[in-house]
Amino acid sequence: MGRMANVRTTAATALVVALAAAGCASEDSGSSAGSAAKPSGRDGVRFETDHPRARADQPTSVRLEGLTPRTRVAVRAQTEDQRGGTWAATVTRTADSEGTVDLGRDGTGRLLSGMLPTGGRTAKMTGSGKAFSYHPGPPAEQRAYTVRFTATATTGEHKGQRVARRDLVRQWLTEGTTHRKLTVDENAESGVDGDLYLPPKGGARQAPVLVFGGSEGGNAGTYTAALLASHGHPAMSVCYFRCGKGSERPNGIDDIDLDYFTRAGELLREQEGADPDRLAVMGNSRGSEAAQLLGQRRPEVFHDVIAYAPSSKVNGPYLSGTTAWTDHGQAIPTGPIPLDHVRGSVLAVAGGNDKMWGSQAAAGRMAGQGAKKLVYPDAGHHVNWFPYAQPGQEGGADGAVTRTSEADQRARADSWPKVLKLLN
């Protein structure tokens, strides 16, 4: 996802020259780690926002004021990923009779969720149908990231010049939330690899949430767990395979025992602020199988199940092996997953344009067992997690790329508040 050095140097040189021409070059070294530069403008033009600092999943309104009426401007949102690569999106708007361009929540949201890489290896994937998404520094290292909004006049006396700039700070972890790294070799208490995020002390006990991803491996749920903590839920993101050197975890979904997740859940239930009777498990894609199995086979530990882009059955190992999941060391056979022993609610979130597998049909079969389902016909496989902070692209089963990615974003914006409501 990072750029080659010569591309980065050329782009940086061009950027400095362009901004120097606008008279603002020295102000554009904003950090993606959550620091906001002072807003600036030309001749009274300014950006206004209702939430200059907000959670990464929080809707935010932005408007541009002080323009000459009917002036056209290009509004650009820009940020950096964890490798220093630039992501950006631009829209062109015309000021109204009062000299205002009001993006509102929807327009701001489309910019935040529509950014794409502007160079480097990832940019070459744009339009390919291959899935990729934005990754800032992990919340344990970077509690927030910064999105810079700029406005450039495309008509009028300031044509070609930047007329306003403002930063939005998007937080994974709000004030008072804490992080603790868990490792297999150093944490004898649980023997779990992952990240534990806790909300500020002193609040009411809320449902804790155990989060994990699918066949991508690694600690895929860490951003989600951080946001859940910022909503008041003790949360843990667990890595169960492909966890890196020294983790003692396998490199594929092969012989993964439910006891591993159960230990993580039991540790999470013990944390301050956790309601131990309401532990929820949230799994994506292949992880949806483990989430359902935990709700079904460990109802004394887990209460609610949230399954994104789910399968309704146990599949075989990935990439190779003998069996995907085991229970107390015994292989769990492939085939349908019953849900009749789940103590709480089961929620399935699926896209009807999923090219990975038939998650819509799976959600329907789960609903036949009493689960609630949210199905988004135009969305693809990546309906998981939260809105606004996951710009990127994927192709759907029908071959569409941009339409599928936009539908994924709409699915996240609609489903995430419903997930939070279930947890509350």
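1. A disulfide is taken here as a pair of cysteine sulfur atoms within 2.5 Å. By this rule there is one disulfide, and it joins Cys-239 to Cys-243 with an S to S distance of 2.0 Å. The torsion about the S-S bond of Cys-239 and Cys-243 is about -105 degrees, so the disulfide is left-handed. Both Cys-239 and Cys-243 are buried, where buried means under 20% relative accessible area, exposed over 50% and partly exposed in between (1.4 Å probe, protein chains only).

2. The model is predicted: local features need pLDDT of at least 70, side-chain atom pairs count only at pLDDT 80 or more, and totals for chains, interfaces and linings use all residues. Residues are numbered from 1 along each chain as its sequence is written, and side-chain values use heavy atoms, with hydrogens and water left out.

3. Helices (H or I, at least four residues) and strands (E, at least two) are DSSP runs, numbered from the N terminus. Helix 5 covers residues 258–269. The expected span of a helix is 1.5 Å times one less than its number of residues. For the 12 residues of helix 5 that gives 16 Å, and the end C-alpha atoms are 16 Å apart, which agrees.

4. Within helix 5, the buried residues include Leu-258, Phe-261, Ala-264 and Leu-268. An α-helix has 3.6 residues a turn, so residues three or four places apart point the same way.

5. Most residues other than glycine have a negative phi, and most peptide bonds are trans. Ser-285, not a glycine, has a positive phi of about 55 degrees; it sits in the loop between strand 17 (280–284) and helix 6 (286–297). At 6% relative accessibility, Ser-285 counts as buried.

6. His-328 also has a positive phi, near 55 degrees, and lies in the loop between strand 20 and strand 21 (330–331). His-328 is exposed, with a relative accessible area of 56%.

7. A cis peptide bond, with omega about 5 degrees, joins Tyr-318 and Leu-319. Leu-319 is in the loop between strand 19 (313–314) and strand 20 (325–327).

8. Asn-353 belongs to the loop between strand 23 (346–351) and helix 7 (359–367). Asn-353 is buried, at a relative accessible area of 7%. Leaving out residues up to four places away in sequence, its contacts (heavy atoms within 4.5 Å) include Pro-377, Asp-378, Gly-396 and Thr-404.
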